[in-house]
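Visitor: I would like to learn how to read a model like this one. Please take me through it feature by feature.

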Amino acid sequence: MSKSTVLLKHHLKQLKLPTMLSECEKTAAGAAKANLDHLGYLLQLCELELVDRERRAAERRLKAAKLPASKTRDEFDFSARPSPNKPLVLQLVAGDWIDKRENLLLVGPSGTGKTHVAIALAMAACLAGRKVRFYRVTELITTLLEARDEKSLLRLRSQLAKQDVVVLDELGYVPASKAGAELLFDLIGQAYECQSLVVTTNLPFETWIEVLGSERLTGAALDRLTHRSVILEFHGESYRLQDARRRRRKRS
Ligand code: ADP
Ligand code: MG
């Protein structure tokens, strides 16, 4: 390696351009063969760095989102159930609702694919440059209660407020404690018109007050959640059940 190449690599490292560092020689050889001028070469190298940087950032965002599994829209079998309708889900993948700070409410019985679609939309958002954080509601309430005891609630709240999208999975499966519910409703209030919430729930809206308690707080939270929101209804029987039955049929 010539002295100037060694120096160049040193500088690229200092400048934190790892892809340009690893690719500069190979690209230079290719550019020489293609008779590319200096600016053309530099352009190629910059493009490689940019593409790689975006990929690394998307990976970081995906990791920070703490999704419980990897589920994509392509893995979702729309023919298996009458709703949600495919064009609407595909439209949501594009992410306009996030720019408009709208909420998504995914409502329906257990096993109908609510969490699957929530994860798929969260992944698409991460890949498109949005900050996402996924929580199961019980986990979030525990985290909020712990933060309150440790007096780190402010920090947690400001961390959450920095997200473009917060997913609240399984709202209402376990009736929350009063203190927990209040912290959760606070969060819903804070998010209102500042960021998007994605809520999955098996509770029909009419039963929220009964299950979550506190007519005033639940009413206010529901009001904020549903104002400027897209509601996806999931119907039918559990996909897990259908799937198990299909397999059994195949075996016999
Ligand atoms: P819910 O959150 O509504 O209880 P999940 O999203 O957890 O349901 O779905 C249960 C399981 O079935 C998951 O493994 C999910 O990937 C799968 N699943 C549900 N609906 C579909 C579907 N239409 N196509 C493919 N997989 C599905
Ligand atoms: Mg679920």
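Visitor: Which side chain has an N or O atom 3.2 Å from an oxygen atom of ligand 1?

Guide: The model is a predicted one. The side chain is that of Arg240, with an N or O atom 3.2 Å from a ligand 1 oxygen. For ligand 1 as a whole, 550 Å² is exposed when the molecule is taken alone, and the protein buries 87% of that.

Visitor: What lies 2.9 Å from an oxygen atom of ligand 1?

Guide: A polar side-chain atom of Lys71 does. The backbone takes part in the list of contacts too: an N or O atom of the Gly113 backbone is 3.1 Å from an oxygen atom of ligand 1.

Visitor: Let us turn to the sheet. How do I read strand order?

Guide: In general, strands of a sheet pair through backbone hydrogen bonds, and the pairing is either parallel or antiparallel. Here five strands make an open sheet, ordered 2-3-4-1-5, with parallel pairing. Strand 2 (132-136) and strand 5 (229-233) are the edge strands, each pairing on one side only. On average, neighbouring strands in this sheet are turned by 15 degrees against each other, direction ignored.

Visitor: How many bridges join strand 2 to strand 3?

Guide: Five bridges link strand 2 with strand 3 (residues 165-171), and the two run parallel. Take Arg133 as an example: Val166 in strand 3 is its bridge partner.

Visitor: And helices? What should I look for at the two ends?

Guide: First the general idea: an α-helix has 3.6 residues a turn, so residues three or four places apart point the same way. Now take helix 4 (residues 86-93): at its start, a side-chain oxygen of Asn85 comes to within 2.9 Å of the backbone nitrogen of Leu88.

Visitor: Which residue with a positive phi follows helix 4?

Guide: Gly95 does, with a phi near 90 degrees.

Technical notes: Residues numbered from 1 in each chain as written. Chains lettered and ligands numbered in written order. Predicted model: local features only at pLDDT ≥ 70, side-chain atom pairs only at ≥ 80, totals over all residues. Heavy atoms only, no water. Pairing = 2+ DSSP bridges. Helix = DSSP H or I, 4+ residues; strand = E, 2+ residues; numbered from the N terminus. Axes fitted to C-alpha atoms, helices over the stretch in contact; angles between N-to-C directions. Polar contact = N/O pair within 3.5 Å; in protein donor to acceptor, adjacent residues only side chain to side chain. Areas by Shrake-Rupley, 256 points an atom, 1.4 Å probe, with all protein chains shown as cover.
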